Structures are given as structure tokens and as C-alpha cells.
Amino acid sequence: MSKPVIGLLGGGQLGRMLCEAAGPLGISVAVLDEENCPSKQANQNPLHVTGSFKDPEKIKQLAARCDVLTVEIEHVETTILEEIATKGVEVPTADGKGTTLKKVPVHPSWKTIRLIQDKYQQKEYFAKQGIPVAEQVAIAEGSERLSSLRAAGDKFGYPFMLKGAKGSYDGRGNYKIDGPSDLETASNQMGDQPLYAEKWVPFDMELAVMVMRTEDADGNFKAVHPYPVVETIHEDSICTKVFYPPRKVSEDIKKQAQKIASDVIASLWGRGVFAVEMFLTKDGRILVNEVAPRPHNSGHYTIEAVPQMSQYKAQLYSILDLIPSRGISLIPRVPSAIMLNILGGAKETSHDRFVELAEASSDDYTDIYVHLYGKVSKPSRKIGHITATGFSSVDQLATTISPLIQCMDEIRLERIGSSEKATPATTSSKPPPLVAVTMGSDSDLGVMSAGLKILDDFSVPYEVRITSAHRTPHLMMKFAAEMSASTCKVIIAGAGGAAHLPGMLASETHLPVIGVPVKASVLDGVDSLYSIVQMPRGIPCATMGIGNSTNAALLAVRILGTTFPEYADRMKAYQEKMANEVFAKDEKLREGGWQKYVEGMQKK
């Protein structure tokens, strides 16, 4: 039984990747767009229609060849989509002697697309559904516009955002109003379009969640399925980087973002995948910014990270109602992924070095995937993307691919004409720590330095601090909280005398704590050993031998190896090296005898 034919309005890169996903699944996609658009380059078939995806007659022509319509871009004519879905489109009868009307479903629904086309009405609707959005007000048109803008300034204070309600995307159509002197300039620059003012949102981060929505054959809502939350970075009003998972975001915030995104999409109509873009504010609130009723830049990483159900496969399966009854898995196959957009630079060939560097950057722990869209390079134009996946933390992955990030930042600076130099500090001048090492006094540093050398030898990023449990208890607790919320996976704590530092840290954090007893001026460190090892039941603290920070560091590496394969491999190599050294010594002893061996030792 053949699968239904999907008609696609728009043939850009999103359509191209949809066609690339459809091919192996045996799903036919007919595209309405210009002759050599990216989608048609990747999908040759006789069902395509050449023309504008905003032309009603061309849309009818496409609908007559298809079983369902979907969109690659929301800026389409919804009146004709409503007509096709509710009244039908003329198609030839089986005998070829006349025509009949065929209703063609539109997914997501034309109602959803129409609502989302007006960003002001979109958020007004979401607010009525109890979904958190920024406070906003419509701006009057014509001669009353300037006075309406002044009223918005009085209402929200400065700065506030002035936004175009229709037709804008990628952050375009936005103007930051810093003060009353900006009002007239902003009004002129925004042109003759519907505007609204939005209260300024002091956000810490932009987040996004892709959500799949399903309905039954009668249009009744079935379920929503959210993908993991990601962090998006925008520069020059364009999304340039996507990080999965978002950096330094708690599990509670991630779950809250997925819940809000699911509520947003459940309130809409039709099948498909949707992107929900959100702000994470400085006080920990999540506000919905806008919705895209289609695959999205923030979901490109799913092609490699969630291959069993990428956002494009999800779009196909959801609109054709092919989601299996047993459910689906949207869990990524890797713990981290980063997507970097390939944007046109100052020259048509500017991006070539970025692509060439990406193609040469994969290693045993990081996979790099290059996607080019078949588009002519123009400044700031999206002409491709690169996805890196890794088996380490997202911060470690960012460090690994920092040459790629530096290269794309250099191309951006060339494009905008900046003389500023892009440096590795664009991502982080210092790798985020996986191990935290602390001690109660600087006098302990001599003992702890052996462990630090081991961490250096294993290329483990770490942070070193002095935090006394007795002299600076508040600093110690703050340090524990900071490490618990960071990329840190293990804490090593050295202390002498009463040696309460490791145990107190173990009581303040969920992270494993490794204690190193340090020999003080009396009792040869036995007091410190007993203090650390005799923790009460329920508060575990690993304890090393007296002064043995080397083993503490080696244990930390072993713990990291359970999550990051590169450290497991380095530990195996270290153990093999130790074994080979023993084999060599044994062979030397057997060959020369013990007396000669001792003489050799004495000469060293």
C-alpha cells in the first residue's frame, strides 16, 4: 500500500532536509517553489509545481496532486489553505470527463498558521491559555502611532521592545527603544506595518523546545511529545549556535521548559512539529517568545543526535498519523551536541575554510557532520549547518570544537567589518571544570599538588580553591553549591587535624567527595584519617591514605570514565603503562640478578 503524497509549500533548506528524511521512508513529497530550490535539488519527481508558494492558483495545483499539505515557512496565504481544507480543490474525475472537489487536510492547521502569522495575536492567545508571556500592548497605526508609542514608554518604562506583528523572522522586525528620543526614529524605520510594544525582558538565556503534536483522523487532539530543551545563541538577530543540553541550567528548569512548550502546542490545532522559543529570565522565570509551526533551526541537531526520530522524521510521521501505538523515543543517543550555522561571509567563498576545518575535525570521541543546502552564499544567509556530537559534557564538547567556533566567529567579524579579533575566549578561555580540588589551608597545597599533576597528565579540567570548614564555613557552603550547579562531577578535598572539610562538603552536595587526610604537626595524620573515614551513615565520603592525593586524582579520573569514554581509555592506558613498567623491571632483575639490580638502584 503506497503512502500518501505530502505537498510542501516552500522549498528552502528545511524542505530539503524534510525530503532527505522522506526518501528512505518511501514517502513522496511534492514541492511548490522555484525550479532549482534546495528541496527540489534533493528530491526529483514529476509532482513538483514551479511557482510562488504564495500564489493561490499554484497552491491549488499542488493540492490537487497531494493527499495532505504542510508548510516549510509560515508566511503563506491561509485563506486558500482554509478553502482547500474545508471546501476542497477541483480534481479530474476517474473517467476524465469532469471534475470533482477533493478536501485536502492541512497540517499544521490553517488556523494555527493564521494565528502564528500575527505575533501579537499569538501571544494574546497564549496569555489567555495561562501560558507565561511578556506583557505587551498593540501600537496604533497612522497619525496616532507616535502618541501610542509614548504611551507604551509610560506603561513599560525604558528600554522596551518595538516589534513587527507580521512577516518578520530570525529576530528581524525588532527595535529596542532605549528612551523617548528613539520613538520617532523607530517609528520611521519600522515602516508601515502593524506594531506592538513588549515590556523589556532581562533574560539570561534563550531556550527552545521542539514539540511533536498528534491528532486522530477526525481532528481530535491525541498527544504532544517534547524533545529535550536546548540553548540557542543569537548574533546579529540570527540563531548561530545551539547547545544540547543547555549549559548551567538545572533539571527543574529543563522540565519546566518542556512542560510550558507542551502546553503551548497542545493549545493549537493540527499535526506536525513545532518550535517553541523561550526566555529564561534572571529570576528563573520562563517566558514564551514565539512559536514556529514547522521544523526549526533549534532542532537540526536531532538529525544526528536523535536519528530514530529526528524533527524531520517526526514531521512526516505526525502529519501522516504514522506514530506507532507503542509510543516513540525522543531521547538523544549522545549526552551532548552542538549545532553551528554556516552563514555567508564577506566573500562568496568565506565559509569554505569553516567547512574544510569541520570535515577534518572528527576524532574518537567527537563526530562532526556537515550539511550544505545548495544555496548561493550571500552575507548572513543560512547556507548550511554543522553538528558536533560527543560522549562528554556539552562544555567539554564546546572546548573540543573551539577551533570551529573561533573560525565561525572570525567569519562573522569579517562580515560585519569589525577589526576585533576572534579568540578562543569566544566560548571560554578556560575549560569548565570536571573536578574541583579544595583544601583547608595553603599549607596543604604541597600534598595536594601531586594529585593536581595527575589531573594535568590526564587532561582533566579542574578548579582549585581554599575553603576552610572552620575559618570560612559560609564560603565552603557557597563553593559546594556552585560546584553542584556547575559541570563539576567530583570534588577532592584535602584537610589536616580535625579534617572536617571533606565530610562537611559531602553533607552539602550530591557530588562524590574524595577526602585526602593531610599530616599535621601531631599524630602523623592519623587524626585526619579517622575524622574523614568515620563519617556517619548516610553521608558517604571516599577516603584515601594519608597524604595520598595521587590516588584521589586517579579515583576521580575513574569516576569520570563512567560517563566520558576518553577518560576510561586514558585510565586503561595508564594501567597498561604501569603493568609494562613492572614487566620491564622483572625482566631486568631476572637477566642481571638481584645484586646488579640493587647496584643500579643505588646509582640513581
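Predicted model: local features only at pLDDT ≥ 70, side-chain atom pairs only at ≥ 80, totals over all residues.
The domain assignment divides the protein into five parts: domain 1 (5-107), domain 2 (135-199), domain 3 (204-420), domain 4 (435-563) and domain 5 (567-602). Taken over C-alpha atoms, the centres of domain 2 and domain 3 are separated by 29 Å.

An open sheet is formed by 4 strands in the order 3-2-1-4, with parallel pairing. Strand 3 (49-50) and strand 4 (68-71) lie at the edges, each pairing on one side only. Helix 3 (residues 56-64) packs on this sheet and touches strand 1 (6-9), strand 2, strand 3 and strand 4. The direction of helix 3 makes about 170° with that of strand 2. Strand 2 (residues 29-33) and strand 3 run parallel and are joined by 2 bridges. Within this pairing, Asp33 has Thr50 of strand 3 as its bridge partner.

Asn297 is located in the loop that connects strand 16 (286-292) with helix 10 (302-305). Asn297 is classed as buried because its relative accessibility of 7% falls under the 20% cut-off. When residues up to four places away in sequence are not counted, the contacts of Asn297 are Cys239, Val242, Met339, Asn341 and Lys382.

Technical notes: Residues numbered from 1 in each chain as written. Heavy atoms only, no water. Buried < 20%, exposed > 50% of the residue type's maximum accessible area, 1.4 Å probe, protein only. Contact = heavy atoms within 4.5 Å. Pairing = 2+ DSSP bridges. Axes fitted to C-alpha atoms, helices over the stretch in contact; angles between N-to-C directions. Domains from an automatic or database assignment.
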